[in-house]
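Hello,

Here is the structure I promised to pass on to you. Please have it open while you read, as my notes follow directly below it.

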Amino acid sequence: AIKLLSFVALIFLLEPAREVVLPVAIAIILAFLLAPLVRMLRNRGVNEALGAAIVVFGLLFTLGFLGSRLVAPATEWVARAPRSVQQLIDSYERLRKSIPFMAPPEVALRPAVTAKGRPAAEIVPAPAPPTFDPFKDKITIEGIALTGSLIRQATWLLVSTVATIILLFFFLASERWLMARTVEAIPKRRARVALLGGFRAAQRDIARYLGTQAMINAGVGVATTLALTAIGFPSPILWGVVIAVLGFIPYLGPLVSVALLLLAGTITYTTFGEIIAPAVAYALINVIESNFIAPWIVGRRLEMSPLFVFLAVMVCAWMWGIAGAFLAVPLLVIIRSAARRSKNLRLWCVYLDRGRPE
């Protein structure tokens, strides 16, 4: 009971501590993935600090190069935003008028009176007093609050990105020192062997998982780009990259991709068939990938229980937002690697591994 309560308390503690915990978690995952490169440079005579700097700057250069290639198509979609938002507002206003409890207040009409006090033949609206529309006022207030929230989120994102880069450099540069000090602190030899074995296994599993998933997502992105190009959809390469990145979020990523393609189709086209064509094309590709290609490439060793994968995505997304959703499966891989080498936690592997009917 004490262990269960401690685990629940830890979960609820991680949610308000996201500003500190999230950069550390991202840096640890990237360090697990990139540490073999630093060790390879060290074996060739490169200092660990210099090797860590080379790896980190190489990662930043690669991400910056890919981002610069996508700036132009992303700017085109941003330029469409004011017009598309106005279209959505107009559709919302028409919807409000058709629903009684959402309709704006009506202006009272009274007959015009002639100079002799007799009603005029036609009915004209009287000067309307200022009316209070709670929906428009609420939209205005929420728009101001949203602007402030976006500014705070952008500031936090910038600070977290810088902190993650610095932490990644230190983790890579001091990996051997940290492992040596940790091993020295453990008195039992068997525990030392289990720790080193679990650490190396976690590195291998994360590298294998991320590499395999990146290969699958790249294939889905290329197929989606070709399908959108055949349809004539604008900026197909941009959408292929977006879909490939969202593919790292199990279950929720494809749903978000379909929703984004539907929204983009609504902005771009007018007929129903053209609007749903991009989303339908991607949905077909995703069905083929998830049911035939991914099971064959991933293999049984990397498969995990879909229930626990979905729970991990939900919990991590609740604690840390979209970044947590990306980190959910790598963290689950680390937990499974550690559980396989611990007698007390080995039972959890029965639940984390994907069982097959005999």
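Let me begin at S235, which sits in the loop between α8 and α9; helices (H or I, at least four residues) and strands (E, at least two) are DSSP runs here, numbered from the N terminus. The phi angle of S235 is near 50 degrees, a positive value in a residue other than glycine. S235 has a relative accessible area of 13% and is therefore buried (buried means under 20% relative accessible area, exposed over 50%, partly exposed in between, with a 1.4 Å probe and protein chains only).

Before I go on, a word on what you are looking at. This is a predicted model, in which local features need pLDDT of at least 70 and side-chain atom pairs count only at pLDDT 80 or more, while totals for chains, interfaces and linings use all residues. Residues are numbered from 1 along each chain as its sequence is written, and side-chain values use heavy atoms, with hydrogens and water left out.

Now the overall picture. The chain has 13 helices and 0 strands, so its pattern along the sequence reads α-α-α-α-α-α-α-α-α-α-α-α-α. Of the 358 residues in the chain, 31% are buried. Taking contacts (heavy atoms within 4.5 Å) between residues at least 6 apart in sequence, 69% join residues at least 24 apart. The chain exposes about 22800 Å², and carbon and sulfur atoms supply 72% of that area; accessible areas come from the Shrake-Rupley method with a 1.4 Å probe, and for residues only the protein chains shown count as cover.

Helix α8 deserves a look of its own. How far apart are the end C-alpha atoms of α8? They are 62 Å apart, which agrees with the 63 Å that the 43 residues of this helix (residues 189-231) should span at 1.5 Å a residue; the expected span is 1.5 Å times one less than the number of residues. After α8 comes G232, with a positive phi near 95 degrees. Within α8 you will find I216, which is buried, at a relative accessible area of 5%. The C-alpha atoms of I216 and A294 are 7.0 Å apart, although the two residues are 78 apart in sequence.

Next, the aromatic residues. A search of the whole structure finds 4 aromatic pairs, where rings of Phe, Tyr and Trp (its six-membered ring) pair if their centres lie within 6.5 Å, and planes under 30 degrees apart count as stacked, over 60 as edge-to-face and the rest as tilted. One of them is F32 with F199: the ring centres are 5.2 Å apart and the planes are at 50 degrees, so this pair is tilted. The pair links distant parts of the chain, with F32 in helix α2 (residues 18-43) and F199 in helix α8, 167 residues apart. F32 counts as buried at 13% relative accessibility, and F199 counts as buried at 17%.

Another aromatic pair, Y251 and F310, is edge-to-face, with 5.9 Å from centre to centre and 75 degrees between the planes. Y251 lies in the loop between α9 (236-246) and α10 (252-268) and F310 in helix α12 (residues 306-339), so the pair ties together parts that are 59 residues apart in sequence. Y251 counts as partly exposed at 40% relative accessibility, and F310 counts as partly exposed at 33%. Y251 also has a positive phi, near 70 degrees, in a residue other than glycine.

Best wishes
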